[in-house]
Amino acid sequence: MSGDAEREVIFEITRVGDIQRVAVIDVETGIEVVVQAPAQAALADVRTLALRKLERALAGDAGGQPPERPGKLV
């Protein structure tokens, strides 16, 4: 990740029919984001996209607390 080279993340890549689903989880905070792309898309490009989406999610995370949403955290 551009701002924090030491941050540890976990990728989960699943192919479902004609798409690939890429989930990336930040180990420290547990925040997960998911992107979907065509199965023919280059894996490096899709991973980069997922990392950028995670960076945006982490930048919006004030104080390490999950955002206020309906329901409850389990």
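The model is predicted, so local features are described only where pLDDT is at least 70 and side-chain atom pairs only at pLDDT 80 or more, while totals for chains, interfaces and linings use all residues. Residues are numbered from 1 along each chain as its sequence is written, and side-chain values use heavy atoms, with hydrogens and water left out.

Helices and strands here are DSSP runs numbered from the N terminus, where a helix (H or I) needs at least four residues and a strand (E) at least two. Three strands form an open sheet in the order β1-β2-β3, with antiparallel pairing. Because β1 and β3 stand at the edges with a single partner strand each, one side of each is left without a neighbour in the sheet. On average, neighbouring strands are turned by 20° against each other, direction ignored. Two strands count as paired if DSSP finds at least two bridges between them.

Next comes the helix. Helix α1 spans residues 43-59, and its 17 residues reach 24 Å from the first C-alpha to the last, close to the expected 24 Å. That expected span is 1.5 Å times one less than the number of residues. Val 46, Ala 50, Leu 54 and Leu 58 are the buried residues of α1, where buried means under 20% relative accessible area, exposed over 50%, and partly exposed in between (1.4 Å probe, protein chains only). They lie on the same side of α1 because they cover an arc of only 115° around the axis, the arc being that of the directions from the helix axis to the C-beta atoms. The face turned away from the buried side carries the exposed residues Ala 44, Asp 45, Arg 52, Arg 56 and Ala 59.

How do helix and sheet meet? The buried residues of α1 pack against β1 (9-16), β2 (19-26) and β3 (32-38), with contact meaning heavy atoms within 4.5 Å. Leu 54 of α1 counts as buried because its relative accessibility is 0%, and its C-alpha is separated by 5.9 Å from that of Val 33, 21 residues apart along the chain. Ala 57, also in α1, counts as partly exposed because its relative accessibility is 27%. Beyond residues up to four places away in sequence, Ala 57 touches Ile 31 and Val 33.

Finally, Gln 20 in strand β2 counts as buried because its relative accessibility is 8%. A polar atom of the Gln 20 side chain lies 3.2 Å from the backbone oxygen of Pro 38. Leaving aside neighbours within four places in sequence, the contacts of Gln 20 include Ile 13, Val 35, Leu 43 and Val 46.

How values were computed
A polar contact is a pair of N or O atoms within 3.5 Å; within protein, one must be able to donate a hydrogen and the other to accept it, and residues adjacent in sequence count only if both atoms are side-chain atoms. Axes are lines fitted to C-alpha atoms, for helices over the stretch in contact, and angles run from 0 to 180 degrees between N-to-C directions.
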